[in-house]
Amino acid sequence: MKHRVVKFAKQWYKSNLIPMEDTIKVHGKEFELFIRSSEISGMVDEIALKLNHDLEGKDVIFVGILNGAFIFAADLIRRIKMNCRISFVKTASYKGTQTTGHVETLIGLGDEIKGKTVVVIEDIIDTGLTLEEVLKQLRNHQPAEIFVVALLFKCDACIKDVRIDYLGREIPNDFVIGYGLDCDGHGRNLRDIYKIKNLC
Ligand code: IMP
């Protein structure tokens, strides 16, 4: 009986992507633990602290970039003390573990931002193409000002001249998943962030 329980637990761990020894397999690829949820939480705390200080008294609308930023945006907005709104746009530029080099807008902005302070929430900035495209679209709506928040920044991969006003941390040019970030839709549910072990 005990043996059967252990066997069942192992199978359950495997199929539910729960990390064993800091290495996991997601969508046929191996990933290793990279940033623990406690560190992520600290980064979100710090960004929220600065935003609460810098934007106090302003009419703020946050704009999260789906899908990747949905968890970061949800965590960040709950730490924001000022009166604010949140909206989302949806883009796609990644296939598997690589950028396509082309940003597709799947859902555009549905809210009025004219004259408002806009804070863009991006999970990760890689080439910078997505941010550039989203900023271009937002500027057409004539906001008073736009700030950019990003949890992660792959500075070595960036080909655009991006201005990040509030950053969690820079990371090397490795493919990562977890905390909203995905590999073909998989791995978003992981609490920690993992980086790919060997690209195939
Ligand atoms: P960029 O347009 O190349 O800057 O890429 C931005 C978008 O690509 C992010 O919003 C993510 O959705 C996705 N992305 C970039 N790097 C990664 C990664 O390492 N893992 C998962 N998604 C990524």
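This is a predicted model: local features need pLDDT of at least 70, side-chain atom pairs count only at pLDDT 80 or more; totals for chains, interfaces and linings use all residues.
Leaving aside residues up to four places away in sequence, Asp123 is in contact with Gly68, Ala69 and Phe72, with Ala150, Leu151 and Leu152, and with Leu181.

## The sheet that contains β6

Strand β6 belongs to an open sheet of six strands, in which the order is β5-β4-β3-β6-β7-β8 and the pairing is mixed. The edges are formed by β5 (98-107) and β8 (166-170), each of which pairs on one side only. On average, neighbouring strands of this sheet are turned by 25 degrees against each other, when direction is ignored.

Within the sheet, β6 runs parallel to β7 (residues 145-153), and the two strands are joined by eight bridges. Val118, for instance, has Ile146 of β7 as its bridge partner.

## Helices packed on the sheet

Helix α2, covering residues 37-54, packs on the sheet and touches β3 (60-66), β6, β7 and β8, with a direction that makes about 155 degrees with that of β8. Helix α3, covering residues 70-77, also packs on the sheet, where it touches β3, β4 (84-95), β6 and β7, and its direction makes about 135 degrees with that of β6. Phe72, one of the residues touched by Asp123, falls within the residue range 70-77 of helix α3.

Conventions. Residues are numbered from 1 along each chain as its sequence is written. Side-chain values use heavy atoms; hydrogens and water are left out. Contact means heavy atoms within 4.5 Å. Two strands pair if DSSP finds at least two bridges between them. Helices (H or I, at least four residues) and strands (E, at least two) are DSSP runs, numbered from the N terminus. Axes are lines fitted to C-alpha atoms, for helices over the stretch in contact, and angles run from 0 to 180 degrees between N-to-C directions.
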